[in-house]
Amino acid sequence: MEYKEKNNDLGFVEAEPKPTEEELSKFYEEQYYQNTHGNYEKNYPEQELEYFKNNALLKSVSALKINNNLKKIIDIGCGEGFTASYFLSIGWEVIANDYSDHGIKKFNSHLLKNFQKCDIDSFIGSLNLRDEP
(Lines give C-alpha, C1' and ligand atoms only; values in the text may rest on other atoms or scores of the structure.)
Protein backbone atom coordinates (compact mmCIF):
# COMPACT_ATOMS: atom_id res chain seq x y z
CA MET A 1 0.00 0.00 0.00
CA GLU A 2 1.21 3.49 -0.75
CA TYR A 3 0.92 6.21 1.88
CA LYS A 4 0.72 9.96 1.45
CA GLU A 5 1.63 12.63 3.97
CA LYS A 6 -1.19 14.87 5.14
CA ASN A 7 -1.21 17.84 7.52
CA ASN A 8 -3.93 17.36 10.10
CA ASP A 9 -6.01 20.10 11.77
CA LEU A 10 -3.39 20.50 14.54
CA GLY A 11 -0.53 21.06 12.10
CA PHE A 12 1.05 17.62 12.49
CA VAL A 13 1.97 15.44 9.54
CA GLU A 14 0.33 12.03 9.44
CA ALA A 15 0.13 9.12 7.03
CA GLU A 16 -2.97 8.62 4.94
CA PRO A 17 -4.46 6.09 4.89
CA LYS A 18 -3.36 5.09 8.38
CA PRO A 19 -1.50 1.76 8.51
CA THR A 20 -3.22 -1.07 10.36
CA GLU A 21 -1.80 -2.54 13.57
CA GLU A 22 -0.69 -5.58 11.56
CA GLU A 23 1.11 -3.39 8.97
CA LEU A 24 2.87 -1.39 11.70
CA SER A 25 3.92 -4.52 13.54
CA LYS A 26 5.29 -6.10 10.36
CA PHE A 27 7.16 -2.89 9.42
CA TYR A 28 8.90 -2.57 12.79
CA GLU A 29 9.60 -6.29 13.03
CA GLU A 30 11.00 -6.74 9.52
CA GLN A 31 12.33 -3.37 8.33
CA TYR A 32 12.75 -0.51 10.80
CA TYR A 33 15.73 -1.66 12.86
CA GLN A 34 17.14 -3.92 10.19
CA ASN A 35 17.96 -1.03 7.83
CA THR A 36 20.68 1.45 8.74
CA HIS A 37 19.07 4.89 8.93
CA GLY A 38 18.55 7.79 11.30
CA ASN A 39 19.61 6.88 14.83
CA TYR A 40 19.72 3.12 14.30
CA GLU A 41 22.86 1.37 13.15
CA LYS A 42 23.91 -2.23 12.66
CA ASN A 43 26.95 -1.59 14.85
CA TYR A 44 27.98 1.35 17.01
CA PRO A 45 31.50 2.67 17.60
CA GLU A 46 32.70 2.67 21.21
CA GLN A 47 32.43 6.48 21.39
CA GLU A 48 28.71 6.34 20.53
CA LEU A 49 28.08 3.58 23.07
CA GLU A 50 29.74 5.80 25.67
CA TYR A 51 27.41 8.63 24.61
CA PHE A 52 24.37 6.36 25.18
CA LYS A 53 25.66 5.52 28.65
CA ASN A 54 26.29 9.16 29.56
CA ASN A 55 22.88 10.16 28.23
CA ALA A 56 21.26 7.49 30.42
CA LEU A 57 23.28 8.74 33.41
CA LEU A 58 21.80 12.22 32.94
CA LYS A 59 18.32 10.71 32.71
CA SER A 60 18.89 8.78 35.94
CA VAL A 61 19.88 11.93 37.83
CA SER A 62 16.69 13.65 36.65
CA ALA A 63 14.56 10.57 37.35
CA LEU A 64 15.83 10.34 40.92
CA LYS A 65 14.74 13.91 41.51
CA ILE A 66 11.32 13.28 40.00
CA ASN A 67 10.37 9.89 41.38
CA ASN A 68 11.63 10.35 44.94
CA ASN A 69 14.14 7.48 44.97
CA LEU A 70 11.55 4.88 43.89
CA LYS A 71 14.10 3.49 41.38
CA LYS A 72 11.57 2.12 38.89
CA ILE A 73 11.47 3.04 35.22
CA ILE A 74 9.29 2.19 32.23
CA ASP A 75 11.09 2.69 28.91
CA ILE A 76 8.39 2.97 26.22
CA GLY A 77 9.81 2.71 22.73
CA CYS A 78 13.11 1.42 24.09
CA GLY A 79 14.64 0.65 20.69
CA GLU A 80 17.94 -1.12 21.26
CA GLY A 81 17.55 -0.79 25.03
CA PHE A 82 20.63 1.26 25.92
CA THR A 83 18.78 3.45 28.42
CA ALA A 84 16.93 0.52 30.00
CA SER A 85 20.20 -1.42 30.23
CA TYR A 86 21.91 1.41 32.07
CA PHE A 87 19.10 1.74 34.63
CA LEU A 88 19.13 -2.02 35.20
CA SER A 89 22.92 -1.92 35.72
CA ILE A 90 22.54 0.61 38.56
CA GLY A 91 19.92 -1.47 40.35
CA TRP A 92 16.66 -0.03 39.10
CA GLU A 93 13.54 -2.08 38.38
CA VAL A 94 13.09 -1.83 34.60
CA ILE A 95 10.22 -2.56 32.24
CA ALA A 96 10.92 -1.95 28.54
CA ASN A 97 8.64 -1.96 25.50
CA ASP A 98 8.90 -1.65 21.74
CA TYR A 99 7.15 -2.83 18.58
CA SER A 100 10.19 -4.91 17.66
CA ASP A 101 12.61 -7.01 19.68
CA HIS A 102 15.32 -6.82 17.00
CA GLY A 103 17.32 -4.03 18.68
CA ILE A 104 17.07 -5.59 22.16
CA LYS A 105 18.12 -9.01 20.88
CA LYS A 106 21.11 -7.56 19.02
CA PHE A 107 22.47 -5.07 21.58
CA ASN A 108 21.00 -5.85 25.02
CA SER A 109 19.63 -9.38 25.02
CA HIS A 110 19.92 -9.54 28.82
CA LEU A 111 16.86 -7.22 28.88
CA LEU A 112 14.52 -9.72 27.23
CA LYS A 113 13.18 -10.79 30.65
CA ASN A 114 12.21 -7.14 31.27
CA PHE A 115 10.84 -6.57 27.75
CA GLN A 116 7.35 -6.64 26.23
CA LYS A 117 7.00 -6.64 22.45
CA CYS A 118 3.75 -4.88 21.53
CA ASP A 119 2.19 -1.58 20.56
CA ILE A 120 1.99 1.19 23.16
CA ASP A 121 -1.74 0.83 23.78
CA SER A 122 -1.43 -2.88 24.57
CA PHE A 123 1.64 -2.20 26.68
CA ILE A 124 0.03 0.53 28.81
CA GLY A 125 -3.05 -1.65 29.26
CA SER A 126 -0.92 -4.52 30.56
CA LEU A 127 0.81 -2.51 33.29
CA ASN A 128 -0.04 -2.62 36.96
CA LEU A 129 0.92 0.91 37.91
CA ARG A 130 0.05 0.65 41.61
CA ASP A 131 2.82 0.43 44.16
CA GLU A 132 2.91 -2.95 45.83
CA PRO A 133 3.17 -2.97 49.64
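**Fold, sheet and salt bridges of a predicted chain**

Asp 101 counts as buried, its relative accessibility being 11%, where buried stands for a relative accessible area under 20%, exposed for one over 50%, and partly exposed for values in between, with a 1.4 Å probe and protein chains only. The residue is found in the loop between β4 and α4, the latter spanning 102-107. Leaving aside neighbours within four places in sequence, Asp 101 is in contact with Glu 29, Phe 115 and Lys 117, a contact being defined by heavy atoms within 4.5 Å.

The model is a predicted one, in which local features need pLDDT of at least 70 and side-chain atom pairs count only at pLDDT 80 or more, whereas totals for chains, interfaces and linings use all residues. Residues are numbered from 1 along each chain as its sequence is written, and side-chain values rest on heavy atoms, with hydrogens and water left out.

The secondary structure of the chain consists of five helices and five strands, and from the N terminus on these elements follow one another as β-β-α-α-β-α-β-α-β-α. Helices (H or I, at least four residues) and strands (E, at least two) are taken as DSSP runs and numbered from the N terminus. The chain has 133 residues, of which 29% count as buried. Its accessible surface comes to about 9400 Å², and 51% of this belongs to carbon and sulfur atoms; the areas come from the Shrake-Rupley method with a 1.4 Å probe, and for residues only the protein chains shown count as cover. Among contacts between residues at least 6 apart in sequence, 45% join residues that are at least 24 apart.

Three of the strands form an open sheet in the order β3-β4-β5, with parallel pairing. The edge strands are β3 (72-76) and β5 (115-117), each of which pairs on one side only. From one strand to the next the twist averages 15°; for such angles, axes are lines fitted to C-alpha atoms, for helices over the stretch in contact, and the angles run from 0 to 180 degrees between N-to-C directions. Two strands are taken to pair if DSSP finds at least two bridges between them. Between β3 and β4 (residues 93-98), which run parallel, there are five bridges, and Ile 76 stands opposite Asn 97 in β4.

Helix α3 (residues 82-89) packs on the sheet, where it touches β3 and β4, and its direction makes about 170° with that of β4. Six of the eight residues of α3 are buried, so the helix is largely enclosed by the rest of the structure. The buried residues of α3 are Phe 82, Thr 83, Ala 84, Ser 85, Tyr 86 and Phe 87. The helix is followed by Gly 91, whose phi is positive, near 90°.

The count of salt bridges comes to three, a salt bridge being a side-chain nitrogen of Lys or Arg within 4 Å of a carboxyl oxygen of Asp or Glu. One of them joins Glu 16 to Lys 6, with the closest N and O atoms 3.3 Å apart. Glu 16 lies in strand β2 (residues 13-16) and Lys 6 in strand β1 (residues 4-7), so this pair ties together parts that are ten residues apart in sequence. Both partners are partly exposed, Glu 16 with a relative accessible area of 41% and Lys 6 at 35% relative accessibility. Apart from neighbours within four places in sequence, Lys 6 is in contact with Phe 12, Val 13, Glu 14 and Glu 16. The C-alpha atoms of Lys 6 and Pro 17, which are eleven residues apart along the chain, are separated by 9.4 Å.

A further salt bridge is formed by Glu 14 with Lys 18, the closest N and O atoms being 3.1 Å apart. Here Glu 14 is partly exposed, with a relative accessible area of 24%, whereas Lys 18, at 54% relative accessibility, counts as exposed. The side chain of Asp 101 also takes part in a salt bridge, meeting that of Lys 105 at 3.2 Å from N to O. In this pair Asp 101 is buried, with a relative accessible area of 11%, while Lys 105 counts as partly exposed at 49% relative accessibility.
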